[in-house]
Amino acid sequence: MRFATWNVNSLKARMPRVEAWLADIGPDVVCLQETKLADATFPALAFQALGYDSVHHGQGQWNGVAILSKAGIDDVVNGFADGGPPDVDSRIITATCGGVRFSSVYVPNGRAVGHDHYQYKLAWFGRLRGHLAATSQPGDQVVVCGDFNVAPEDRDVWDIAAFEGDTHVTPPEREALAEVEDWGLVDLFRRQWGDQDRLYTYWDYRAGDFHQGRGMRIDLVLGSAPVVDRLQWCVVDRNARKGTLPSDHAPLVVDLADGG
């Protein structure tokens, strides 16, 4: 199985690039974030023409998450299944595809330390942990992937000094992410690439950050132990960040061995 996660930063703006990328890379399952579409305007028929079933959870203009699959889509959950009130935003969708329980997540940005949105972000991670407990077991094949808006370690940003006092790198955010992983998930990219530095998934559009190497690793794929056992390969597709009208994020592609 080949699967991928990609924050497309507006599917309407990026659809031709997404279609070409799907044809070129051929993933079986794709988790998308920041579609910025309502469910009624999601291009399900276009994806169907490419061989993908799809589900989408969106509200238009901002947020929005989706799962595309050539391996079937079952047991779909829009939002959290933790028993709490509905989330104000469309930031998580979960479905089973090819025997793997996928969640596509778009974690809140946090805006600024101390901002209400920062507190919402920390609480959101807690709800994600509850959602996992309500929908899966650590012994199941589980993948949680998407834009986590957290760089797990200092080496996951181009210059930690440049982020002093900012979101994405604060201890509470990293601790909240670690608590989600403690449910029974492993960072597949780090499992593949170990201590290698300067491997990023996001580059700001401003000031030529992509060409200057000023990036962040904030798009993650977390997998349960049975998924880790199947891991063959994992890479950031930097080519998708090049060219005309790219997203500011690059796709993260993972290959799993058959079975499990």
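Tutor: Two strands pair if DSSP finds at least two bridges between them. In this predicted model, Asp53 stands opposite Ser69 in strand 4.

Student: What makes strand 3 and strand 4 a pair?

Tutor: The cut-off is at least two bridges, and strand 3 and strand 4 have five, in the antiparallel sense. They therefore count as paired.

Student: What makes strand 2 a partner of strand 4?

Tutor: Five bridges join strand 2 to strand 4, and the two run antiparallel. One of the bridges involves Val29, whose partner in strand 4 is Ser69.

Student: What is the strand order of the open sheet?

Tutor: The order is 3-4-2-1-14-13, six strands with mixed pairing. The average twist from one strand to the next is 10°.

Student: Why are strand 3 and strand 13 said to stand at the edges?

Tutor: Strand 3 (53-57) and strand 13 (231-236) each have a single partner strand, so one side of each has no neighbour in the sheet.

Student: What joins strand 1 to strand 14?

Tutor: Four bridges, with the strands running antiparallel; at least two are required, so the strands pair. Thr5 has Leu252 of strand 14 as its bridge partner.

Student: Which strands does helix 1 lie across?

Tutor: Helix 1 lies across strand 1, strand 2, strand 4 and strand 14, and runs at about 160° to strand 1.

Student: Why is strand 4 called mostly covered?

Tutor: Five of its five residues are buried. Val65, Ile67 and Ser69 point one way, Ala66 and Leu68 the other way, and all are buried. In a regular strand the side chains alternate between the two faces of the sheet.

Student: What places the charge of Arg91 over the ring of Tyr106?

Tutor: The charged end of Arg91 is 4.9 Å from the ring centre, and the limit is within 6 Å. Arg214 lies over the face of Trp158 at 5.9 Å, which also meets that limit.

Student: Is Cys31 buried or exposed?

Tutor: Buried: the relative accessibility of Cys31 is 0%, and the cut-off is under 20%. Cys145, at 0%, counts as buried too.

Student: What is the phi of Ser10?

Tutor: Phi is positive, about 95°, although Ser10 is not a glycine. Ser10 is in the loop between strand 1 and helix 1. With a relative accessible area of 15%, Ser10 is buried.

Student: Why is Asp75 called exposed?

Tutor: Exposed means over 50% relative accessible area, and Asp75 has 55%, so the term applies. Asp75 is in strand 5, and its phi is also positive, near 50°.

How values were computed
Residues are numbered from 1 along each chain as its sequence is written. This is a predicted model: local features need pLDDT of at least 70, side-chain atom pairs count only at pLDDT 80 or more; totals for chains, interfaces and linings use all residues. Side-chain values use heavy atoms; hydrogens and water are left out. A charge sits over a ring if NZ of Lys or CZ of Arg is within 6 Å of the ring centre and within 35 degrees of the ring normal. Axes are lines fitted to C-alpha atoms, for helices over the stretch in contact, and angles run from 0 to 180 degrees between N-to-C directions. Contact means heavy atoms within 4.5 Å. Buried means under 20% relative accessible area, exposed over 50%, partly exposed in between (1.4 Å probe, protein chains only).
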